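Thanks for coming. I will take a few minutes to walk through one structure. Please look at it on the screen before I start.

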Amino acid sequence: MNTAELHPMATGHIPSYVTQADGSDFLFTFMVVFTIVVIVLIGVAYFTLHSIPEKIAHESNHPQFQLVGILALLALFTHNGLFWVAAILVAGFQFPDFAAPLRAIADSIRSLAPENTQPPVAEEPSEINPETVQAAPQEQ
């Protein structure tokens, strides 16, 4: 361009963020891509945060793994932090097994019982005695 065609107040340099004459907008394109990437990263971070209790319970082979998973899903779908805190607490602590000692006591007592105190097993008749079976009345 000749200097005669430019307006006297126009600058010689136009910044890159100004829309060009062909209609392409570099700043708008960059911001769209940046926004989509940030939204995806926030979603990944959110789901990773909500899966922490399940990962803890899975690594320790927790007996209440399904309960931890249900609490984590409730926290995810209801956006209630109390369920997530409960899932972390359940995953972090092993509850004592009260049933195992009771089972051991019951097995020990059962082993002390004499063998002949078993309840009698009902025997099935091997043959049907025709004398004991009454004949059905015949129709006339």
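Predicted model: local features only at pLDDT ≥ 70, side-chain atom pairs only at ≥ 80, totals over all residues.

A residue counts as buried here when its relative accessible area is under 20%, as exposed when that value is over 50%, and as partly exposed in between. By that cut-off, buried residues account for 10% of the 140 residues in the protein chain.

Now the overall layout. The protein chain contains five helices and zero strands. Read from the N terminus, the order of elements is α-α-α-α-α. As for contacts, take those between residues at least 6 apart in sequence: 48% of them join residues at least 24 apart.

Let me turn to one pair of helices. Helix H1 covers residues 26-50 and helix H2 covers residues 52-59. How do their axes lie? The two axes come within 4 Å and cross at roughly 40°. An angle under 35 degrees would count as roughly parallel, and 65 to 115 as roughly perpendicular. H1 and H2 are therefore oblique to each other.

Which residues make the contact? On the H1 side there are Thr-48, Leu-49 and His-50, and on the H2 side Ile-52, Pro-53 and Lys-55. Sorted by class, this contact has three nonpolar residues, two polar ones and one charged one.

Between H1 and H2 there is a loop, and Ser-51 sits in it. Is Ser-51 buried or exposed? Its relative accessible area is 18%, so Ser-51 is buried. The side chain of Ser-51 also reaches back to Thr-48, where it lies 2.9 Å from the backbone oxygen. Thr-48 is also one of the H1 residues that meet H2.

The last stop is helix H5, residues 99-112. Side chains of opposite charge can pair when their charged atoms come close. How many salt bridges are there in this model? The count is one. This salt bridge joins the side chains of Arg-110 and Asp-107, with 2.9 Å from N to O. Both residues belong to H5 and are three residues apart, about one turn of the helix.

The two partners can also be placed by accessibility. Arg-110 has a relative accessibility of 57%, so it counts as exposed. Asp-107 comes to 45%, and therefore counts as partly exposed.

Definitions and conventions:
Residues numbered from 1 in each chain as written. Heavy atoms only, no water. Axes fitted to C-alpha atoms, helices over the stretch in contact; angles between N-to-C directions. Helix = DSSP H or I, 4+ residues; strand = E, 2+ residues; numbered from the N terminus. Parallel < 35°, antiparallel > 145°, perpendicular 65-115°, else oblique. Contact = heavy atoms within 4.5 Å. Nonpolar A, V, L, I, M, F, W, Y, C, P; charged D, E, K, R; others polar. Salt bridge = Lys/Arg side-chain N within 4 Å of Asp/Glu carboxyl O. Buried < 20%, exposed > 50% of the residue type's maximum accessible area, 1.4 Å probe, protein only. Polar contact = N/O pair within 3.5 Å; in protein donor to acceptor, adjacent residues only side chain to side chain.
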